[in-house]
Amino acid sequence: MLSASSIANRVRAGELDPVAVATEALSRLDAREPAVHAYLHVDREDVMQRAEALAQRVHRGDDPGRLAGVPVSLKDNIAVKGQTLTAGSRILEGYRAPYTSHVAERLQAEGALLLGRTNLDEFAMGASTENSAYGASRNPWDTSRVPGGSSGGSAAAVGAGIVPVALGSETGGSIRQPAALCGVTGFKPTYGHVSRYGLVAFGSSLDQIGPITAHAEDAALVYDVIAGADPRDSTCLRGERPSAARAKADVEGLRIAVPEDFVDDSVDAHVLMRVSEAMAVLEEAGAIVKVVERGRLAHAPLSIPVYYLVSSSEAAANLSRFDGMRYGPRHEGDTLLDTYRATRGELFGPEVRRRIMLGTFALSAGYHDAWYRKALQVRRLIQREFEALFEEFDLVAAPTSPFGAFSMGEKTDDPYAMYLCDLLTAPACLAGLPSVSVPCGLSKRGPYKGLPVGLQLIGAAGEDHRVLATARAFESERGEPERCELFGGSAA
Amino acid sequence: MIDPDVVRRVAGLARLGLSPEESETTITQLQGILEHFEVLGEVETEGVEPLAHAVDEPGTPGADEILVFPEPQDTLLSLTEHAREGFLVVQRILGDSDAEG
């Protein structure tokens with residue numbers, strides 16, 4: 001499968017017909033989708049019509065855009081007018097978005113072909129897609145295992161080589177963790193760098209949209225397209241963002257911290273080995289890598305309670321709009337209140353109900369100060385510690401996920417075990433920092449033998465271009481990542 | 001910490017209908033999750049300002065003008081099964097003794 005930048009360059013040069021690109025992507029989807037169940041909906045006619053329109057644009061001599069002809073799949077919580085927007089939930093079954101999100105507008109304006117809606121954990125709450133009301137997706141490396149989540153459909157679609165690019169959304173790790181588990185690149189921008197207009201809200205102080213790509217350089221290309229100010233999201237920052245695609249991919253003299261606080265007993269030894277090797281690659285290329293003693297990010301290991309209290313509280317408020325009145329199906333009760341209770345009780349899945357309960361509890365009178373306010377105070381401490389570290393270092397490196405892709409059903413009976421999947425990704429989300437997961441090899445032994453491992457790089461706020469340039473440099477130093485059989489490559 | 005009364009009260013606030021079995025499970029699960037979270041209570045946070053939003057910089061303000069939603073009313077009403085004659089049909093709320101203020 002060609003990279004997004006190769007497709008766009010060739011389409012712009014008139015060497016590649018976007019109709020052929022779309023046809024090939026749809027045929028890969030037909031062949032591979034039964035194995036991974038990455039998609040919830042595919043509008044073939046729409047894709048082909050847009051590819052034909054694009055071909056005419058090229059024929060007329062108009063510039064078809066930076067993503068000309070690139071097939072891009074969108075997580076099914078990002079609105080595209082007229083398309084499904086289930087957020088993986090029964091409560092939005094049959095709902096079609098009445099308007100288009102900022103990110104989809106930007107992609108279409110640059111000539112991308114929006115190909116299908118990808119699966120996710122219900123309302124993006126989960127780390128495996130097993131909370132989707134429409135069935136779990138599967139990992140393209142081993143279909144008895146999860147692809148991660150919540151953007152698991154997007155990561156499985158890219159990891160299976162169906163599309164070179166998909167968009168995911170992340171609140172606590174939902175772009176980077178599935179990217180790591182599927183052997184592809186995933187990037188979460190600085191909070192406020194990408195407009196959330198048209199994204200189904202989960203935790204509004206944390207949610208960001210970002211790219212999942214087969215090639216690290218494409219993450220920079222897509223970030224450049226979707227990032228930027230948008231008055232329709234009041235939390236979207238003003239001004240220009242430096243280009244990530246044009247940033248120098250050079251790690252010479254780059255100061256990288258490897259904090260001991262990110263490593264505990266839960267982190268798999270073989271995952272750590274791959275990450276250590278990755279640090280050697282960066283060092284070889286001129287980076288200054290330093291292990292930072294325990295205590296500098298002392299509060300980062302508390303990110304799980306902080307993240308789950310904050311995000312669930314925000315979710316409890318955001319999801320109050322789903323009451324059967326304005327969207328989707330309604331389950332009638334005897335009174336209006338009974339109808340609310342029946343609709344929400346029966347159409348939200350168990351994990352969403354659990355988080356609404358947790359968040360409502362944490363915000364309720366008598367408990368607010370001990371739980372919600374306390375979590376926000378510790379969140380401040382986490383952010384301060386990162387700020388202090390970034391006065392000495394340019395980047396922080398760690399594993400993305402404590403472990404590789406786990407088996408389907410392995411963690412579904414224990415909500416807290418599932419929450420621990422976010423252990424290493426939640427800190428950057430709480431502090432609003434940009435972070436990438438880039439593939440750094442396969443686990444050689446142990447329970448995740450033969451499965452991909454992700455290297456996580458975190459930058460200071462606003463340093464998205466530097467984080468992405470380093471991911472690009474790392475991939476060019478190390479070589480193209482190992483690919484699974486389904487992708488069409490050979491696993492090393 | 002979590003008992004049947006707390007679950008009933010929180011489910012009421014959240015407008016979530018829970019079956020008796022689910023209420024039982026919720027007690028165990030929430031209790032278990034919160035026990036893991038109790039570690040936060042040990043952190044010294046005296047005088048620490050809560051951080052509700054990671055970014056202090058101002059966002060992008062919208063222009064101070066009236067925007068008309070581009071889609072006609074019919075399009076929005078077509079998204080629900082409960083539209084009639086240009087209105088959204090909901091249950092009556094007056095005289096409903098169970099409704100909370």
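Two strands are taken to pair if DSSP finds at least two bridges between them. All views show a predicted model.

**View 1. The open sheet of chain A.** The sheet of chain A has 11 strands in the order 1-3-2-4-6-5-10-11-9-7-8, and its pairing is mixed. Strand 1 (39-41) and strand 8 (288-292) of chain A are the edge strands; each has a single partner strand, so one side of each is left without a neighbour in the sheet. On average, neighbouring strands of this sheet are turned by 30° against each other, direction ignored.

**View 2. Strands 10 and 11 of chain A, with helix 8 of chain A.** Strand 10 (residues 435-442) and strand 11 (residues 452-459) of chain A are antiparallel and pair over 6 bridges. Within this pair, A:S435 stands opposite A:I458 of strand 11. Helix 8 (residues 269-284) of chain A packs on the sheet and touches strand 7 (255-259), strand 8, strand 9 (395-399), strand 10 and strand 11 of chain A. The direction of helix 8 makes about 55° with that of strand 11 of chain A.

View 3. Helix 5 (residues 152-159) of chain A lies across strand 1, strand 2 (71-75), strand 3 (113-118), strand 4 (165-170) and strand 6 (208-213) of chain A. Helix 5 runs at about 155° to strand 4 of chain A. A:S150 is placed in the loop between strand 3 and helix 5 of chain A, and the peptide bond from A:G149 to A:S150 is cis, with omega near 10°.

**View 4. A:H37 in the loop between helix 2 and strand 1 of chain A.** The loop that holds A:H37 lies between helix 2 (18-36) and strand 1 of chain A. A:H37 is not a glycine, yet its phi is positive, about 45°.

**View 5. The interface of chain B with chain A.** Contacts between the chains involve 59 residues of chain B and 72 residues of chain A. About 5,800 Å² is buried between chain B and chain A, with 66% of this area given by carbon and sulfur atoms. Between chain B and chain A there are 20 residue pairs in polar contact, both at pLDDT 80 or more. Helix 1 (4-14) and helix 2 (20-37) of chain B are the elements that give two or more residues to the side of chain B that touches chain A. Helix 2 of chain B supplies the largest share of that side, 8 residues. By residue class, the side of chain B that touches chain A has 33 nonpolar, 13 polar and 13 charged residues.

**View 6. A salt bridge between chain A and chain B.** A:K81 forms a salt bridge with B:E71, and their closest N and O atoms are 2.6 Å apart. The count of salt bridges between chain B and chain A is 2.

How values were computed
Residues numbered from 1 in each chain as written. Chains lettered and ligands numbered in written order. Predicted model: local features only at pLDDT ≥ 70, side-chain atom pairs only at ≥ 80, totals over all residues. Heavy atoms only, no water. Helix = DSSP H or I, 4+ residues; strand = E, 2+ residues; numbered from the N terminus. Axes fitted to C-alpha atoms, helices over the stretch in contact; angles between N-to-C directions. Contact = heavy atoms within 4.5 Å. Buried area = accessible area lost by both parts, 1.4 Å probe. Salt bridge = Lys/Arg side-chain N within 4 Å of Asp/Glu carboxyl O. Polar contact = N/O pair within 3.5 Å; in protein donor to acceptor, adjacent residues only side chain to side chain. Nonpolar A, V, L, I, M, F, W, Y, C, P; charged D, E, K, R; others polar.
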